[in-house]
Amino acid sequence: MKQLRIGVLVGLFAVAGVVSWAGARLWDTFGSLPSVPVAAPIVLALIAVVLVATALSLRSRLRAQRERQPDAKGVDPMVAARAVVFGQASALVAALVAGMYGGVGVFLAMEQLDVPARRDQAFYAGGSVLAGAGVVAAAFFLERVLKLPEDDDNDGNGPSASARA
């Protein structure tokens with residue numbers, strides 16, 4: 001399984017931001033811009049909390065297993081794989097959603113901060129961007145917790161590569 005790449009996430013964030021900024025400008029010329037939901041940053045923050053809780057739980061179980069504690073509950077490899085996939089998918093979606101709300105927030109900040117309702121929408125959009133960054137950070141933390149030792153060698157030239165040959 002390939003690791004998350006920060007460049008891919010930043011690129012996805014940037015493209016979504018530019019497209020949503022342009023879409024917000026276009027939509028605003030034709031009528032009223034849809035509002036940023038209050039729940040957007042809350043849902044993203046909840047996803048980040050779930051990812052961090054999963055990482056901490058799995059980290060403590062792996063540590064207990066490594067230290068050979070008597071009642072240590074092991075980690076099923078499929079559970080670990082599902083957790084990593086969940087983290088990666090969450091990071092990709094969070095980058096996309098944060099970019100979308102970031103673009104709308106930039107449009108609102110540039111054009112309409114004098115209107116109180118639009119100022120609130122810009123704050124919700126900014127909160128969504130911060131919560132999306134939290135999801136990405138939590139996904140990287142989860143991926144680091146579940147990284148296998150032989151995953152350290154990406155180029156295939158290390159000692160684990162010679163052992164396979």
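Reader: How many salt bridges does the structure hold?
Author: This predicted model holds 1 salt bridge. Arg 118 forms it with Asp 28, and the closest N and O atoms are 3.8 Å apart.

Reader: Which parts of the chain does that pair link?
Author: The pair links distant parts of the chain, with Arg 118 in helix 4 and Asp 28 in helix 1, 90 residues apart.

Reader: And Arg 118, is it buried or exposed?
Author: Arg 118 counts as buried because its relative accessibility is 16%, under the 20% cut-off. Asp 28 has a relative accessible area of 22%, so Asp 28 is partly exposed.

Reader: At what angle do helix 1 and helix 4 pack?
Author: Helix 1, residues 6-30, and helix 4, residues 116-145, pack at an angle of about 165°, and their axes are 13 Å apart. The two helices are therefore roughly antiparallel to each other. Their crossing is right-handed.

Reader: Which residues make the contact?
Author: Helix 1 contributes Ile 6, Leu 9, Phe 13 and Asp 28, while helix 4 contributes Arg 118, Val 129, Val 136 and Phe 140. Of the residues in this contact, 6 are nonpolar, none is polar and 2 are charged.

Reader: Changing topic: where is Ser 128?
Author: Ser 128 lies in helix 4. With a relative accessibility of 0%, Ser 128 counts as buried.

Reader: What does Ser 128 touch?
Author: Leaving aside residues up to four places away in sequence, Ser 128 touches Ala 40, Pro 41, Leu 44, Ala 98 and Tyr 101.

Key:
Residues are numbered from 1 along each chain as its sequence is written. This is a predicted model: local features need pLDDT of at least 70, side-chain atom pairs count only at pLDDT 80 or more; totals for chains, interfaces and linings use all residues. Side-chain values use heavy atoms; hydrogens and water are left out. Axes are lines fitted to C-alpha atoms, for helices over the stretch in contact, and angles run from 0 to 180 degrees between N-to-C directions. Helices (H or I, at least four residues) and strands (E, at least two) are DSSP runs, numbered from the N terminus. Angles under 35 degrees count as roughly parallel, over 145 as roughly antiparallel, 65 to 115 as roughly perpendicular and the rest as oblique. A crossing is left-handed if the near helix is turned anticlockwise from the far one by less than a right angle, and right-handed if clockwise. Contact means heavy atoms within 4.5 Å. Ala, Val, Leu, Ile, Met, Phe, Trp, Tyr, Cys and Pro count as nonpolar, Asp, Glu, Lys and Arg as charged, and the others, Gly among them, as polar. Buried means under 20% relative accessible area, exposed over 50%, partly exposed in between (1.4 Å probe, protein chains only). A salt bridge is a side-chain nitrogen of Lys or Arg within 4 Å of a carboxyl oxygen of Asp or Glu.
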